[in-house]
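Subject: Structure handover

Hello,

Here is the structure you are taking over. My notes on what was found follow below it.

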Amino acid sequence: MDFSNRLLLLLEVTELGSFTNVAEQKNLDRSVISKQISRLEEELGVRLLNRTTRSLSLTAAGNEMVNQAKLLRDLLNNTHRLAQNYHSEPRGILRITSSMMFGRQYVQDAISVFQKQYPDVKCELRLEDRVVDIVQEGFDIGFRIGRPKNSSLISRKIARSRLLIVASPDFIQQHGKIETIEKLESLPATIYAAPGLFIDKFTYLDENKVEQQFHLNVAYKVNDVEMVVKSAVAGNTLAVVTAQMIENEIIEGKLIPIMTHLNLEDFGTFFAVYPHRDAPIKTKLFIDVLKSIIGEDSPMWEKNIPDFAKLYGGTSSLSV
(Lines give C-alpha, C1' and ligand atoms only; values in the text may rest on other atoms or scores of the structure.)
Protein backbone atom coordinates (compact mmCIF):
# COMPACT_ATOMS: atom_id res chain seq x y z
CA MET A 1 0.00 0.00 0.00
CA ASP A 2 1.49 3.35 -1.04
CA PHE A 3 1.25 6.71 0.71
CA SER A 4 -1.88 7.92 -1.11
CA ASN A 5 -3.75 4.69 -0.34
CA ARG A 6 -2.79 4.94 3.31
CA LEU A 7 -4.10 8.50 3.35
CA LEU A 8 -7.40 7.32 1.86
CA LEU A 9 -7.45 4.53 4.44
CA LEU A 10 -7.29 7.13 7.20
CA LEU A 11 -10.33 8.78 5.66
CA GLU A 12 -12.22 5.47 5.66
CA VAL A 13 -11.34 4.88 9.31
CA THR A 14 -12.76 8.26 10.30
CA GLU A 15 -15.91 7.80 8.20
CA LEU A 16 -16.64 4.26 9.38
CA GLY A 17 -15.57 4.94 12.96
CA SER A 18 -13.12 2.14 13.71
CA PHE A 19 -10.36 -0.11 12.41
CA THR A 20 -12.72 -3.06 12.84
CA ASN A 21 -15.42 -1.60 10.57
CA VAL A 22 -12.89 -0.85 7.83
CA ALA A 23 -11.35 -4.31 8.17
CA GLU A 24 -14.76 -5.96 7.80
CA GLN A 25 -15.57 -3.90 4.72
CA LYS A 26 -12.23 -4.75 3.10
CA ASN A 27 -12.20 -8.34 4.35
CA LEU A 28 -8.84 -7.81 6.08
CA ASP A 29 -7.52 -8.41 9.57
CA ARG A 30 -7.91 -5.45 11.91
CA SER A 31 -4.18 -5.48 12.62
CA VAL A 32 -3.44 -4.79 8.94
CA ILE A 33 -5.47 -1.57 9.09
CA SER A 34 -3.81 -0.51 12.34
CA LYS A 35 -0.31 -1.13 10.94
CA GLN A 36 -1.01 0.88 7.80
CA ILE A 37 -2.21 3.87 9.83
CA SER A 38 0.87 3.60 12.06
CA ARG A 39 3.02 3.53 8.92
CA LEU A 40 1.29 6.69 7.69
CA GLU A 41 2.01 8.41 11.00
CA GLU A 42 5.68 7.42 10.69
CA GLU A 43 5.89 8.78 7.15
CA LEU A 44 4.34 12.09 8.16
CA GLY A 45 6.13 12.31 11.49
CA VAL A 46 2.97 13.25 13.40
CA ARG A 47 0.30 11.46 15.41
CA LEU A 48 -2.97 11.34 13.50
CA LEU A 49 -5.26 9.41 15.85
CA ASN A 50 -5.77 9.29 19.58
CA ARG A 51 -6.38 5.64 20.38
CA THR A 52 -8.12 4.21 23.42
CA THR A 53 -9.51 0.74 24.01
CA ARG A 54 -13.00 2.03 23.22
CA SER A 55 -12.64 4.83 20.71
CA LEU A 56 -10.62 6.70 18.13
CA SER A 57 -10.41 10.45 17.71
CA LEU A 58 -8.50 12.67 15.31
CA THR A 59 -5.65 14.88 16.46
CA ALA A 60 -5.39 18.37 15.00
CA ALA A 61 -2.89 17.03 12.47
CA GLY A 62 -5.15 14.06 11.76
CA ASN A 63 -8.05 16.37 11.01
CA GLU A 64 -5.95 18.28 8.48
CA MET A 65 -4.81 15.05 6.85
CA VAL A 66 -8.43 13.85 6.56
CA ASN A 67 -9.29 17.09 4.75
CA GLN A 68 -6.44 16.43 2.34
CA ALA A 69 -7.64 12.85 1.90
CA LYS A 70 -11.08 14.11 0.91
CA LEU A 71 -9.53 16.35 -1.72
CA LEU A 72 -7.48 13.41 -2.99
CA ARG A 73 -10.53 11.15 -3.19
CA ASP A 74 -12.48 13.81 -5.09
CA LEU A 75 -9.57 14.33 -7.48
CA LEU A 76 -9.25 10.61 -8.19
CA ASN A 77 -13.00 10.17 -8.64
CA ASN A 78 -13.21 13.16 -10.96
CA THR A 79 -10.29 11.88 -13.01
CA HIS A 80 -11.89 8.46 -13.46
CA ARG A 81 -15.23 10.04 -14.29
CA LEU A 82 -13.80 12.39 -16.90
CA ALA A 83 -11.88 9.53 -18.51
CA GLN A 84 -15.05 7.45 -18.71
CA ASN A 85 -16.80 10.22 -20.60
CA TYR A 86 -14.28 9.81 -23.42
CA HIS A 87 -15.12 6.14 -23.91
CA SER A 88 -17.20 5.47 -27.00
CA GLU A 89 -19.05 2.79 -25.00
CA PRO A 90 -19.76 2.85 -21.25
CA ARG A 91 -17.61 0.56 -19.13
CA GLY A 92 -16.49 0.02 -15.56
CA ILE A 93 -18.69 -0.45 -12.47
CA LEU A 94 -22.03 1.25 -11.92
CA ARG A 95 -22.97 1.33 -8.23
CA ILE A 96 -26.68 1.93 -7.61
CA THR A 97 -28.73 2.38 -4.45
CA SER A 98 -32.52 2.31 -4.20
CA SER A 99 -35.39 1.72 -1.82
CA MET A 100 -36.41 -1.92 -1.54
CA MET A 101 -39.71 -1.87 -3.40
CA PHE A 102 -38.72 0.50 -6.21
CA GLY A 103 -35.51 -1.45 -6.69
CA ARG A 104 -37.23 -4.82 -6.92
CA GLN A 105 -39.96 -3.55 -9.22
CA TYR A 106 -38.07 -1.33 -11.66
CA VAL A 107 -34.35 -0.87 -11.02
CA GLN A 108 -33.67 -4.61 -11.39
CA ASP A 109 -35.50 -4.67 -14.74
CA ALA A 110 -33.52 -1.65 -15.87
CA ILE A 111 -30.25 -3.37 -14.92
CA SER A 112 -31.20 -6.43 -16.99
CA VAL A 113 -31.94 -4.29 -20.05
CA PHE A 114 -28.92 -2.05 -19.50
CA GLN A 115 -26.42 -4.90 -19.27
CA LYS A 116 -27.73 -6.47 -22.46
CA GLN A 117 -27.11 -3.18 -24.23
CA TYR A 118 -23.80 -2.38 -22.49
CA PRO A 119 -22.13 -5.65 -21.47
CA ASP A 120 -18.86 -3.94 -20.50
CA VAL A 121 -20.54 -2.34 -17.47
CA LYS A 122 -20.67 -4.29 -14.22
CA CYS A 123 -23.52 -3.29 -11.92
CA GLU A 124 -23.84 -3.32 -8.14
CA LEU A 125 -27.25 -2.73 -6.54
CA ARG A 126 -27.93 -2.07 -2.86
CA LEU A 127 -31.55 -2.09 -1.72
CA GLU A 128 -32.43 -0.53 1.62
CA ASP A 129 -35.07 1.81 2.96
CA ARG A 130 -32.80 4.50 4.36
CA VAL A 131 -31.35 7.68 2.92
CA VAL A 132 -27.91 6.66 1.72
CA ASP A 133 -25.05 9.16 1.59
CA ILE A 134 -24.26 8.65 -2.09
CA VAL A 135 -20.96 10.52 -2.05
CA GLN A 136 -19.55 9.11 1.18
CA GLU A 137 -20.61 5.55 0.39
CA GLY A 138 -19.33 5.66 -3.17
CA PHE A 139 -22.50 5.25 -5.24
CA ASP A 140 -22.84 6.52 -8.80
CA ILE A 141 -26.59 6.93 -8.63
CA GLY A 142 -29.48 6.64 -6.20
CA PHE A 143 -33.26 6.54 -6.54
CA ARG A 144 -35.42 8.14 -3.87
CA ILE A 145 -38.63 10.01 -3.14
CA GLY A 146 -38.11 13.76 -2.93
CA ARG A 147 -35.32 16.08 -3.96
CA PRO A 148 -32.03 15.51 -2.13
CA LYS A 149 -31.39 17.70 0.92
CA ASN A 150 -27.75 17.81 -0.12
CA SER A 151 -27.78 20.72 -2.57
CA SER A 152 -24.54 19.52 -4.18
CA LEU A 153 -26.29 16.45 -5.63
CA ILE A 154 -27.81 16.56 -9.10
CA SER A 155 -31.39 15.32 -9.43
CA ARG A 156 -33.46 14.21 -12.40
CA LYS A 157 -37.20 13.63 -12.11
CA ILE A 158 -38.35 10.09 -12.82
CA ALA A 159 -42.08 10.04 -12.01
CA ARG A 160 -44.82 11.26 -9.68
CA SER A 161 -45.85 9.11 -6.77
CA ARG A 162 -49.60 9.61 -6.37
CA LEU A 163 -51.80 8.43 -3.52
CA LEU A 164 -55.14 6.65 -3.36
CA ILE A 165 -57.33 5.31 -0.56
CA VAL A 166 -58.37 1.67 -0.81
CA ALA A 167 -60.55 -0.84 0.98
CA SER A 168 -61.74 -4.35 0.21
CA PRO A 169 -65.34 -5.13 -0.86
CA ASP A 170 -65.87 -6.96 2.46
CA PHE A 171 -64.69 -3.92 4.41
CA ILE A 172 -67.05 -1.63 2.50
CA GLN A 173 -69.95 -4.06 2.94
CA GLN A 174 -69.29 -4.19 6.68
CA HIS A 175 -68.93 -0.43 7.21
CA GLY A 176 -71.10 0.97 4.44
CA LYS A 177 -70.19 3.69 1.93
CA ILE A 178 -67.27 5.88 2.98
CA GLU A 179 -67.98 9.38 1.68
CA THR A 180 -66.91 11.82 4.40
CA ILE A 181 -63.65 12.70 6.12
CA GLU A 182 -65.28 12.08 9.48
CA LYS A 183 -66.18 8.50 8.59
CA LEU A 184 -62.80 7.92 6.96
CA GLU A 185 -61.03 9.00 10.14
CA SER A 186 -63.22 6.78 12.32
CA LEU A 187 -62.51 3.49 10.56
CA PRO A 188 -59.56 1.17 11.32
CA ALA A 189 -56.57 1.67 9.06
CA THR A 190 -53.17 0.13 8.31
CA ILE A 191 -50.21 2.48 7.96
CA TYR A 192 -46.52 2.22 7.11
CA ALA A 193 -44.30 2.93 10.10
CA ALA A 194 -40.56 2.64 10.60
CA PRO A 195 -38.01 4.19 12.98
CA GLY A 196 -38.50 7.95 12.68
CA LEU A 197 -41.38 7.57 10.23
CA PHE A 198 -45.09 7.30 11.10
CA ILE A 199 -47.33 7.96 8.09
CA ASP A 200 -50.82 8.46 9.50
CA LYS A 201 -51.86 11.86 8.12
CA PHE A 202 -52.35 13.10 4.57
CA THR A 203 -53.01 16.42 2.85
CA TYR A 204 -55.82 17.31 0.44
CA LEU A 205 -57.46 20.42 -1.03
CA ASP A 206 -60.98 21.14 0.15
CA GLU A 207 -63.73 22.61 -2.05
CA ASN A 208 -62.26 26.09 -1.45
CA LYS A 209 -58.80 24.95 -2.59
CA VAL A 210 -57.49 25.24 0.97
CA GLU A 211 -55.05 22.62 2.21
CA GLN A 212 -56.50 20.31 4.87
CA GLN A 213 -55.36 17.09 6.53
CA PHE A 214 -57.05 13.90 7.61
CA HIS A 215 -55.68 11.49 10.20
CA LEU A 216 -56.09 7.74 9.99
CA ASN A 217 -57.37 5.68 12.88
CA VAL A 218 -54.38 3.38 13.19
CA ALA A 219 -55.29 -0.24 13.93
CA TYR A 220 -52.16 -1.80 12.45
CA LYS A 221 -48.73 -0.40 11.65
CA VAL A 222 -46.09 -2.28 9.69
CA ASN A 223 -42.66 -1.48 8.21
CA ASP A 224 -43.23 -3.20 4.87
CA VAL A 225 -45.26 -1.52 2.13
CA GLU A 226 -46.41 -4.81 0.64
CA MET A 227 -47.95 -5.74 3.98
CA VAL A 228 -49.95 -2.50 3.97
CA VAL A 229 -51.64 -3.61 0.75
CA LYS A 230 -52.13 -7.19 1.94
CA SER A 231 -53.73 -5.96 5.16
CA ALA A 232 -56.26 -3.94 3.19
CA VAL A 233 -57.00 -6.91 0.94
CA ALA A 234 -57.66 -9.04 4.03
CA GLY A 235 -60.57 -6.73 4.84
CA ASN A 236 -59.85 -5.69 8.42
CA THR A 237 -58.65 -2.18 7.59
CA LEU A 238 -58.55 0.46 4.90
CA ALA A 239 -55.24 1.98 3.74
CA VAL A 240 -53.76 4.96 1.97
CA VAL A 241 -51.22 3.66 -0.54
CA THR A 242 -49.11 4.92 -3.42
CA ALA A 243 -50.08 3.90 -6.93
CA GLN A 244 -46.73 2.12 -7.19
CA MET A 245 -47.80 -0.27 -4.41
CA ILE A 246 -50.81 -1.51 -6.40
CA GLU A 247 -50.38 -4.50 -8.73
CA ASN A 248 -53.53 -6.37 -9.81
CA GLU A 249 -55.58 -5.90 -6.63
CA ILE A 250 -57.93 -3.27 -8.10
CA ILE A 251 -58.26 -4.86 -11.54
CA GLU A 252 -59.12 -8.19 -9.88
CA GLY A 253 -61.65 -6.55 -7.54
CA LYS A 254 -59.75 -7.28 -4.32
CA LEU A 255 -59.50 -3.57 -3.52
CA ILE A 256 -61.70 -0.60 -4.40
CA PRO A 257 -60.57 3.05 -4.50
CA ILE A 258 -62.70 5.08 -2.08
CA MET A 259 -63.14 8.83 -1.46
CA THR A 260 -62.02 9.37 -5.05
CA HIS A 261 -63.41 12.92 -5.05
CA LEU A 262 -60.64 14.04 -2.68
CA ASN A 263 -57.92 16.17 -4.24
CA LEU A 264 -54.99 14.33 -2.63
CA GLU A 265 -51.48 15.66 -2.38
CA ASP A 266 -48.85 13.50 -4.07
CA PHE A 267 -46.75 11.37 -1.75
CA GLY A 268 -43.77 12.84 -3.58
CA THR A 269 -41.74 12.44 -6.72
CA PHE A 270 -39.17 9.81 -7.63
CA PHE A 271 -35.80 11.30 -8.49
CA ALA A 272 -32.55 9.90 -9.74
CA VAL A 273 -29.73 11.60 -7.84
CA TYR A 274 -26.02 11.55 -8.59
CA PRO A 275 -22.95 13.43 -7.35
CA HIS A 276 -21.83 15.44 -10.39
CA ARG A 277 -23.41 17.32 -13.26
CA ASP A 278 -20.81 15.86 -15.62
CA ALA A 279 -21.77 12.32 -14.64
CA PRO A 280 -20.20 9.41 -16.53
CA ILE A 281 -22.04 8.34 -19.65
CA LYS A 282 -22.96 5.03 -17.96
CA THR A 283 -24.97 6.95 -15.32
CA LYS A 284 -26.89 9.00 -17.87
CA LEU A 285 -27.59 5.98 -20.06
CA PHE A 286 -28.88 3.96 -17.10
CA ILE A 287 -31.35 6.70 -16.20
CA ASP A 288 -32.53 6.74 -19.82
CA VAL A 289 -33.12 2.97 -19.69
CA LEU A 290 -35.06 3.24 -16.43
CA LYS A 291 -37.18 6.08 -17.80
CA SER A 292 -37.99 4.03 -20.92
CA ILE A 293 -39.25 1.20 -18.68
CA ILE A 294 -41.31 3.39 -16.35
CA GLY A 295 -42.68 5.71 -19.02
CA GLU A 296 -42.17 9.35 -19.93
CA ASP A 297 -45.67 10.82 -19.48
CA SER A 298 -47.20 8.78 -16.69
CA PRO A 299 -45.55 5.91 -14.82
CA MET A 300 -46.47 2.41 -15.88
CA TRP A 301 -47.74 1.48 -12.41
CA GLU A 302 -50.71 3.85 -12.83
CA LYS A 303 -52.06 1.54 -15.54
CA ASN A 304 -53.01 -0.89 -12.75
CA ILE A 305 -55.66 1.61 -11.59
CA PRO A 306 -58.48 2.16 -14.13
CA ASP A 307 -59.22 5.85 -14.88
CA PHE A 308 -56.64 6.92 -12.31
CA ALA A 309 -56.00 10.19 -14.16
CA LYS A 310 -59.56 11.24 -13.25
CA LEU A 311 -59.33 10.26 -9.58
CA TYR A 312 -58.05 12.13 -6.53
CA GLY A 313 -57.55 15.43 -8.33
CA GLY A 314 -55.60 14.01 -11.26
CA THR A 315 -53.30 16.88 -12.21
CA SER A 316 -53.74 18.56 -8.83
CA SER A 317 -52.04 21.81 -7.98
CA LEU A 318 -50.56 19.92 -5.07
CA SER A 319 -48.66 17.68 -7.44
CA VAL A 320 -44.89 18.03 -7.75
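The side chain of Asp206 reaches the backbone nitrogen of Asn208 at 2.8 Å, which is a polar contact (a pair of N or O atoms within 3.5 Å; within protein, one must be able to donate a hydrogen and the other to accept it, and residues adjacent in sequence count only if both atoms are side-chain atoms). Asp206 is found in the loop between strand S10 (201-205) and strand S11 (211-215). Helices (H or I, at least four residues) and strands (E, at least two) are DSSP runs, numbered from the N terminus. Asp206 is buried yet has no salt bridge, and the nearest side chain of opposite charge, Lys209, is 8.0 Å away. Buried means under 20% relative accessible area, exposed over 50%, and partly exposed in between (1.4 Å probe, protein chains only). For charge, Lys and Arg count as positive and Asp and Glu as negative, while His and the chain ends are not counted. A salt bridge is a side-chain nitrogen of Lys or Arg within 4 Å of a carboxyl oxygen of Asp or Glu.

Please note that this is a predicted model: local features need pLDDT of at least 70, side-chain atom pairs count only at pLDDT 80 or more, and totals for chains, interfaces and linings use all residues. Residues are numbered from 1 along each chain as its sequence is written, and side-chain values use heavy atoms, with hydrogens and water left out.

The chain as a whole

The chain has 9 helices and 16 strands. Of its 320 residues, 43% count as buried. The C-alpha atoms fill a box of roughly 80 × 50 × 35 Å, taken along the principal axes. Among contacts (heavy atoms within 4.5 Å) between residues at least 6 apart in sequence, 74% join residues at least 24 apart.

Nonpolar cores

A nonpolar core is a set of buried Ala, Val, Leu, Ile, Met, Phe, Trp, Tyr and Cys residues joined through side-chain atoms within 4.5 Å. In soluble globular proteins, nonpolar side chains tend to be buried together. The largest core here has 68 residues, of which Phe143, Leu164, Ile165, Phe214 and Phe286 touch the most other members. Helix H5 (residues 100-117) gives the largest share of this core, 7 residues. Apart from it lies another core, of 15 residues, among them Phe19, Val22, Leu49 and Ala69. Leaving aside neighbours within four places in sequence, the contacts of Phe143 include Ile96, Phe102, Val107, Phe271 and Phe286.

Helix H1 (residues 3-16) has 14 residues and reaches 20 Å from its first C-alpha to its last, close to the 20 Å expected at 1.5 Å a residue. The expected span is 1.5 Å times one less than the number of residues. Among the buried residues of H1 are Arg6, Leu7 and Glu12. H1 is followed by Gly17, whose phi is positive, near 95°.

Helix H9 (residues 281-294) has 14 residues, and its end C-alpha atoms are 20 Å apart, which agrees with the span it should have. Its buried residues include Lys282, Phe286 and Lys291. Just after H9, Gly295 takes a positive phi of about 115°.

Most residues other than glycine have a negative phi, and most peptide bonds are trans. Met259 has a positive phi, near 55°. Met259 lies in the loop between strand S14 (256-258) and strand S15 (263-264), and counts as buried at 4% relative accessibility. Asp307 also has a positive phi, near 60°. Asp307 lies in the segment after H9 and counts as exposed at 52% relative accessibility.

Salt bridges

How many salt bridges are there? The count comes to 11. In one of them, the side chains of Glu43 and Arg6 meet at 2.8 Å, N to O. Glu43 lies in helix H3 (residues 30-44) and Arg6 in helix H1, so the pair ties together parts that are 37 residues apart in sequence. Glu43 is partly exposed, at 37% relative accessible area, whereas Arg6 is buried, at 3%.

The side chains of Lys26 and Glu12 also meet in a salt bridge (3.2 Å, N to O). Lys26 lies in helix H2 (residues 19-26) and Glu12 in helix H1, so this pair ties together parts that are 14 residues apart in sequence. Arg126, Glu128 and Glu137 are linked in a network of salt bridges.

Regards
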